[in-house]
Structure formats: structure tokens, C-alpha cells
Amino acid sequence: MAYNGFAIDEYLDAAEVTRQLDELKKSPVYSINRDALQGYVDNYFEKKCAKSKELIGEAKEIIPGGVQHNLAFNYPFPIVIDKADGAKLYDRDGNWYYDLLQAGGPTILGSNPESVRSQVIDLLNTCGPSTGLFHEFEYKLAKKISDCVPSVEMFRMLGSGTEACMVAARIARLKTGKKNILKMGGAYHGWSDQLAYGIRIPGTKGIQSRGVPNFVFKHTDEFFPNDLEDLERKLRKHRLDGGTAAVFLEPVGPESGTRPVSKEFVKGVEELAHKYGALLIFDEVVTGFRIGVSGAQGYFGVDPDLTVFGKVIAGGYPGAGGVGGHKDCMAYLGAGLDASGKKVHKALCGGTMAATPISCCAGYFTLCEIEETNACEKAGRMGDRLTRGLQESIRKYNLPFVAFNQGSICHLDNAGTMHYAINWKKPWEIPMILKETGIRQKEMQHMGAAYMAEGMITLAGSRLYTSAAYDEAMIDDVIARFDRVLAQCEKIEV
């Protein structure tokens, strides 16, 4: 499929990228050399980011870790951002950066676009941010999402993607009368107790979910990415212990496609879920309105029963979450009868600050602007250009790194940290794997620091989002900055 309004011109060869990631995982660790890293710390962070360092030091006295969001933890210390505009962020010390973090993915138009901001200001001059009662923009946003995404016949706004995943699981259990939830290993569906399972890398089960007792996962299981046989084995197994209520899927692969999956796999998941009477739940928190206005499901030609949204549907403003889907499923979020006249029980769902006027206003005008300006395709073209440039630098310096993208979701992997997996049939390997991923994750942080010192803010030093605010000259400048870092990489003794 050519772009045709989507962010993807030609879908990647998931098997080939996986092969490259396998080789990266086996290779020695390459990263920014230690002298260059220390130079960045001494000459950039210590000298040019002194105000950020001072404020973060004060914040640590009152905020655990000094910041309120995991995305803000950066080596050697978090940077304080005072201004966001288009493709750039500006810090407390007056330094500017290309924004490749994109607030974790939602700002497809770029940061703080005037076309949306002006509408939010008008709202604040009249209604205010929240009333606790219905506002017209709740309807306008829900109607816009339904018009764009064919599977979304009805939509319910919530406060976050985590909340939306929680509610989707409850709807699935009520609709199917079954107990178990199956999710793809390594995928992140928020931090609620039952879904904080098998996160970061496949096979981790509850290892990464400290504070959650193991009994909570009695009816949660994971299947291996890109492995339809493993999914069907799990579906068959769970027929004997309550059945499978839902299969959750990040459509481009776990962690926004960090471990990519094939088109055939996505279609196969849809078929298997329905074969075993489970609902298919698409987690489009990142891909929704980034791959296309009809989401990744529009690109893949899949009809999920429920879709989870987040981030973008409030235009980067707070209150960014929601769930939509077929009427017979969404009936479980209303009182009384479903479409066939059958009485249904209402799924437990709340949220005093869900669907506030400010979030619905921002979301509505953001989605209108994305659609009218063909922002998904533009951001995707920039992602393709960035990825080609990164691949050229990797070849030039003969590095084992892997660069690939799914439209405007780009990846530059120097360590293969997320490509490991835990096999519980070989428990003696688990400590080694956890140690190795810890070492490699540290080198991702070092690379992220080098990128930041060169004027680029990334997600964990390995994930890069482009937006429609970029143009070709900006992307070429970004490529040149990455090239300066990659030129200083070497094998690291760990």
C-alpha cells in the first residue's frame, strides 16, 4: 500500500528486521565512547544546563526522583523544558532541541499548534476547563472519532490509556462471559494491576511489576510476538480454565513496534481471537491518528471489537484516553439494554476528570487539523527520510545498530535491549538475561544523553517520533546531528 493518506509507504519486512535485531543482541555492546560521553557531560550538561540541574536538585527534595513522569528521567539529569513550539523544545537555560519524543507519541501536528491552542483559549474564556457536566465538545469529539475509525460505532472518553485498557478488559469479560486476558509479550497496556504483565520483554510475567501480588495475574497470560502458533496454543489452553475474553494487541508490535510484527500476523490474530470467541482489542494509544486517521486498523484492514485510544485524542492536553468499538460491546458502558434488547450489566467505569471540555475541545480540533492537513502522511514521509539517513550513517561507521520505522514511528537500536526474551523452561538463564538487559539499557541512556547534547530529545535513546511540523531541511539537520554521535561510537567493555 502506498501512502494514500497513511504514514506508511511500504511496510517493513518484519522477519528481516527481526534477523538484524537478533544479530545486534548477539554482538558486543557498541555505544558512545567514554571520553566523548564525559565530554558531553562536562561541556554541555554541566556548563549549558546549570539551571535545569539546580531546579531538578530542588525538586528531588519534594518529588520522588525529581520528576513526575518516567519519560523525563534522563542521564545525567533531567532537563527542564519551558517552551514547546512545532518541532522544537526549549529548556530553562535557553537551549533548544529537536523534539523526537513527541510527548511519547501524541503530537502528530507538532507541539502546541496555534490552530488548536486558539480554540482552547476561546473555550477557557467562556466555559473553563471542567464542569463535571456534559459539554457539546464531548459529542463532537466522539462523532469525529467514529467518523474516522470504522470499527468505532460508539466512544467513551476516559482519563488515560491505562484507564481505557482497564475498561476494555471489563467489557470483554462481561460481553463474552469468559475470564482470561491474553496480551502480546513485551507490550505495554498501561500500569493497571492485571495488565502489568509480560512488559518490556516477552516472558517477564510479573517480574517487572513490583508491588503487584502474583495472584492478580491468575487470569492474565502472554503470547510471543509474531507467533500465531503460540497464540493458538494459549487460546486452546484457556478453554479449560474459563476461556479467553480478549486478545490485546499493539498492532505494529510491542512497545510501539520496537519488536515489529508482520501484516500476516496482525490478520492472523484477528482470525484466531474470533475463532475462540474472544474480543480483539487494538491498543492504538500510539498508532491511532499517527499511522492514519483510521488508525493502524485502517492500514491493516482489521475490524477490532474494541479500540483503546490515548494521548492524541486530547491533542496533547490532559484527559487523554478512551475506548471505542462495536455497539454490542459498548453497550456495557451504558445502562439498560444492548442493541438486541438484551439487558446487560454495566462495567465499572469512572473518572471525574474524563471528557472535560478542555480535553474534548483540544482533541476535536486536533483531529480535524490532522485530517485536513494530511498530517499522518507528512509525518510518515519525514520518518522515512530520517530512517534512510540513519541507515546510511550506520553503514558508514560499520556499526551493528539497527534503524527501521513504521511511518513516523522510528527506531534506532544500539543495544537490542528490548529484543531479549525469557524462557521459563530455562530458569537458570533468567538472572543472566536481566543482568545483560540492564547493561544494555544503561548504554541506551548514554546514547540518549549524547543525542540530547547534540540538540535532540528522544524516547529512551532509541525511539524517535516525527511530526508534521518537520520539513526536509530539519530532518537533514537531525540526520547530521545523529551522524556526529554515531561517528564517536565504539565497542564498550562492560
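Predicted model: local features only at pLDDT ≥ 70, side-chain atom pairs only at ≥ 80, totals over all residues.
1. The phi of Lys205 is near 50 degrees, which is a positive value in a residue other than glycine. Its side of the chain is neither buried nor exposed in the sense used here, since Lys205 has a relative accessible area of 35% and is therefore partly exposed.

2. A cis peptide bond deserves a look on the display: the bond from Tyr75 to Pro76 is cis, with omega near 0 degrees. Pro76 lies in the loop that runs between α3 (50-59) and β2 (81-85).

3. Ser262 is placed in the loop between α8 (254-257) and α9 (263-275). With a relative accessibility of 18%, which is under the 20% cut-off, Ser262 counts as buried. Once its neighbours within four places in sequence are left aside, Ser262 is in contact with Tyr11, Ala14 and Asn226.

4. The buried residues of α9 are Phe265, Val266, Gly268, Val269, Glu270, Leu272 and Ala273. These buried residues pack against several elements, among them the strands β6 (180-184), β7 (220-223), β8 (244-249) and β9 (279-283), and also against the helices α7 (228-238) and α10 (295-300). After α9 comes Gly277, whose phi is positive, near 75 degrees.

5. Ala169 sits in helix α6, which covers residues 161-176, and at 7% relative accessibility Ala169 counts as buried. Not counting residues up to four places away in sequence, Ala169 touches Ile181 and Phe248. For the pair Ala169 and Ile181, the separation is twelve residues in sequence and 7.3 Å in space, taken from C-alpha to C-alpha.

6. Thr107 is found in the loop between β4 (96-99) and α4 (114-126), and its relative accessibility of 11% means that Thr107 counts as buried. Apart from its neighbours within four places in sequence, Thr107 is in contact with Gln102, Arg290 and Ser467. The C-alpha atoms of Thr107 and Ala314 are separated by 10.0 Å, although these two residues are 207 residues apart along the chain.

7. For helix α13 (residues 375-396) and helix α15 (residues 472-486), the axes come within 9 Å and cross at roughly 25 degrees, which makes α13 roughly parallel to α15. The crossing of α13 and α15 is right-handed. On the α13 side the contact is made by Met382, Arg385, Leu386, Gly389, Leu390, Ser393, Ile394 and Lys396, and on the α15 side by Glu472, Ile475, Asp476, Val478, Ile479, Phe482, Asp483 and Leu486. By class, the residues of this contact divide into nine nonpolar, two polar and five charged.

8. Helix α13 itself has 22 residues and reaches 32 Å from its first C-alpha to its last, close to the 32 Å expected at 1.5 Å a residue. Just after α13, Asn398 takes a positive phi of about 55 degrees.

9. The second pair is helix α2 (residues 34-48) with helix α14 (residues 430-453), which pack at an angle of about 50 degrees with their axes 10 Å apart, and α2 and α14 are therefore oblique to each other. In this case α2 passes α14 in a left-handed crossing. The contact is made by Arg34, Leu37, Tyr40, Tyr44 and Phe45 of α2 together with Glu443, His446, Ala449, Ala450, Met452 and Ala453 of α14. Sorted by class, the contact of α2 with α14 has eight nonpolar, one polar and two charged residues.

How values were computed. Residues numbered from 1 in each chain as written. Heavy atoms only, no water. Axes fitted to C-alpha atoms, helices over the stretch in contact; angles between N-to-C directions. Helix = DSSP H or I, 4+ residues; strand = E, 2+ residues; numbered from the N terminus. Parallel < 35°, antiparallel > 145°, perpendicular 65-115°, else oblique. Left-handed = near helix turned anticlockwise from the far one by under 90°. Contact = heavy atoms within 4.5 Å. Nonpolar A, V, L, I, M, F, W, Y, C, P; charged D, E, K, R; others polar. Expected span 1.5 Å × (residues − 1). Buried < 20%, exposed > 50% of the residue type's maximum accessible area, 1.4 Å probe, protein only.
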